[in-house]
Amino acid sequence: MKRILGLAVFAGGLSLVYPHAAFAGDALNVVYPANEHKTAAAQIFLIGTAPATGEVTVNGKAIDRSPTGNFAPSFPLEIGENTFTLQYGDQTQTLKIIRTAVSPSSTAGLSEDSLKPNTEIAKLPNEPVCFSTIAKPNAQLSVKIGPQTVPLQSQEKSVNLPPNSAALTQQNQPQTAEQPGIYKGCTAFSHPGVLGKPVFQLTKDGQTIQRTGASTIEILSPQDFSVIEVTSDQGVARTGPSTNYSRLTPLPKGTQARITGREGEWLRLDYGAWIKEKETRPLSQNILPHSIIRSLRSRQAPGWTEVVFPLQNPVPISVTQGDQTFTLTLHNTTAQTDVIFMNDDPVIRRLDWQQPAPGRVEYKFNLKPKQQWGYKLRYEGTSLILSLRHPPKNKGLANVKVLLDPGHGSENDLGARGPTGLPEKEVTIVVSKLLQEELKKRGATVVMTREGDDDLYPQDRVDVINKTEPTIAISVHYNALPDSGDAVNTAGIGAFWYHAQSHDLAVFLHHYLVDDLKRPDYGIFWDNLALTRPAVAPTVLMELGFMINPTEFEWITDPKAQKQLAVSMADAIAAWFSKQ
């Protein structure tokens with residue numbers, strides 16, 4: 001797996017030697033997929049290599065290869081077992097690939113693992129509580145919960161959304177699917193109390209089956225509420241109760257909020273976000289964590305402007321960046337503001353505020369520079385401190401600190417692998433060190449997250465960014481695709497960003513490299529990646545080519561091309577700073 005992307009994708013001056021072969025050897029070698037690989041994709045690519053002379057066949061048909069013998073053809077998959085036999089001369093390899101069904105199969109009875117909800121549920125009165133299960137079509141199903149019996153209706157059709165990774169292969173359109181055997185129903189309860197576990201009942205052909213669900217359902221009392229405090233340095237807030245839901249602005253350590261719902265290990269907070277219970281601690285007080293806010297003051301710190309928001313309680317916050325604007329929203333807050341102290345500032349032109357709704361105050365910073373250079377948020381007691389970073393003092397790279405993050409590292413995190421088995425981690429360190437050398441020639445200070453074959457998790461790299469506070473940060477990667485992708489016909493340079501302050505840098509580097517090196521254009525993506533999320537500096541992740549593309553892999557591993565790439569990237573970074 002490519003640990004950094006979090007996708008179900010194939011994973012896998014300087015005198016530098018690759019410990020793994022970069023070019024074809026004497027044997028037929030299939031790098032991906034492994035035998036008995038399982039996938040829900042409708043197709044699969046076979047990544048590998050063989051000597052350039054001669055012919056490689058798959059199930060008796062010759063396949064196209066690169067000049068050095070690399071290959072990556074795609075083949076359709078049937079549901080169940082698929083067999084592929086590859087042959088080169090007298091060498092043969094056989095792979096069995098299992099395509100799994102996308103939708104669950106119906107059962108004659110009530111499948112216990114299909115009874116939903118399957119985690120503890122707590123909601124406020126009159127909120128919908130929904131149930132679902134899988135059974136044979138044309139059955140009668142219901143759920144008994146508390147004083148109610150809820151009928152479950154058969155869902156004949158549904159609109160399914162593909163995973164987020166489908167945007168990388170241009171396959172992210174909604175799909176309408178027949179779903180016989182899936183039954184759903186919802187209800188609501190007006191009175192607080194513990195309702196217990198739902199009992200599912202199925203009636204078909206004169207027979208009745210009952211199954212008790214695993215989850216206990218509770219309706220919370222609006223009068224008796226619980227309050228939590230965030231204990232993580234940056235509490236991960238999401239739009240829903242699982243890691244499948246989108247991230248919101250992280251909550252600084254010390255943030256307090258009321259609990260308004262619960263699903264398993266997830267807590268819903270009063271301003272709408274969800275957070276894992278393990279990132280919080282309960283407070284003994286049952287006082288509503290609300291605050292008023294009166295006067296504000298700004299102050300200077302080396303390289304930063306700090307704005308202090310005095311509050312009665314550390315309330316939840318959210319951030320929106322725009323073109324020359326930075327908006328901070330305080331939730332569970334009511335304004336009594338009459339005075340704001342703010343002298344002429346290197347970053348802030350003017351601060352405006354409004355209360356667009358009860359309990360929500362918005363502070364809009366109109367900024368002087370077109371480029372935003374980073375921000376930080378923390379609580380000191382009950383006062384919120386917003387730090388806005390000052391621009392570099394001079395054009396050029398003389399006073400610039402560039403952090404380079406060579407993607408992956410160690411045998412535990414190889415990254416993508418090319419047709420010869422060469423892992424991505426070894427190419428990223430080579431190119432990053434070449435780029436480090438070029439940036440130093442141009443006067444920049446360079447920080448590396450790894451200098452060798454270090455085993456770093458994404459958070460380890462993020463910690464280095466937050467600790468060193470570089471002027472910009474660039475994570476260096478090479479690309480791969482999900483099984484449904486086209487490895488032969490997908491190539492090129494891609495740029496990934498998350499915060500608005502990183503967009504201009506991502507666009508500039510992407511266009512510069514594509515134009516200067518005459519490389520294919522894979523595109524520019526907003527993407528929720530660990531190495532694009534740091535807010536302390538503009539941070540981008542560059543995918544500099546596809547390891548799994550047979551021809552592009554040859555360019556990726558060519559020492560001369562690597563040197564040209566490093567020079568072009570250093571020139572691009574210098575040019576971007578010059579235009580600020």
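This is a stop-by-stop tour of a predicted model.

**Whole chain**

Start with everything shown as a cartoon. Five helices and 45 strands make up the secondary structure of the chain. Its C-alpha atoms fill a box of roughly 80 × 80 × 35 Å along the principal axes. Of the 580 residues, 52% are buried.

**Helix α5**

Now show side chains on the buried positions of α5: A561, Q562, L565, A566, S568, M569, A570, A572, I573, W576 and F577. What covers them? Among the covering elements are three strands to colour: β40 (401-406), β42 (472-479) and β45 (539-546).

**The largest nonpolar core**

Stay here. The largest nonpolar core has 86 residues. Select L439, I472, I474, M542, L544, L565 and I573, the members that touch the most others in this core.

Zoom in on L544. Leaving out residues up to four places away in sequence, L544 touches V431, V476, H477, Y478, G492, I493, L513, W555, L565 and M569. Two of those contacts, L565 and M569, are also on the list of buried residues of α5.

Next, select I317, L330, V347 and F365. They belong to a second, separate core of 26 residues.

Most peptide bonds are trans. Two exceptions deserve a stop.

Go to Y32 and P33. The bond between them is cis, with omega near 0 degrees. P33 sits in the loop between β1 (29-32) and β2 (37-39).

Then go to K116 and P117. Here too the peptide bond is cis, with omega about 5 degrees. Look for P117 in the loop that links β10 (91-99) to β11 (121-123).

**Two positive phi angles**

Most residues other than glycine have a negative phi. Select N138, where phi is positive at about 65 degrees. This residue is in the loop between β12 (129-134) and β13 (140-145). Is N138 buried or exposed? Exposed: its relative accessible area is 72%.

Move to Q324. Its phi is also positive, near 60 degrees. The loop here runs between β32 (317-322) and β33 (325-331). Q324 counts as partly exposed, with 27% relative accessibility.

**Last stop: I79**

Select I79, in the loop between β8 (74-76) and β9 (80-88). I79 is exposed because its relative accessibility is 52%, and the cut-off for exposed is over 50%. Which residues does I79 contact beyond its neighbours within four places in sequence? They are R99, T100 and A101.

Finally, draw a distance from the C-alpha of I79 to that of Q173. The two atoms are 22 Å apart, and 94 residues separate them along the chain.

Note on methods
Residues are numbered from 1 along each chain as its sequence is written. This is a predicted model: local features need pLDDT of at least 70, side-chain atom pairs count only at pLDDT 80 or more; totals for chains, interfaces and linings use all residues. Side-chain values use heavy atoms; hydrogens and water are left out. A nonpolar core is a set of buried Ala, Val, Leu, Ile, Met, Phe, Trp, Tyr and Cys residues joined through side-chain atoms within 4.5 Å. Buried means under 20% relative accessible area, exposed over 50%, partly exposed in between (1.4 Å probe, protein chains only). Contact means heavy atoms within 4.5 Å. Helices (H or I, at least four residues) and strands (E, at least two) are DSSP runs, numbered from the N terminus.
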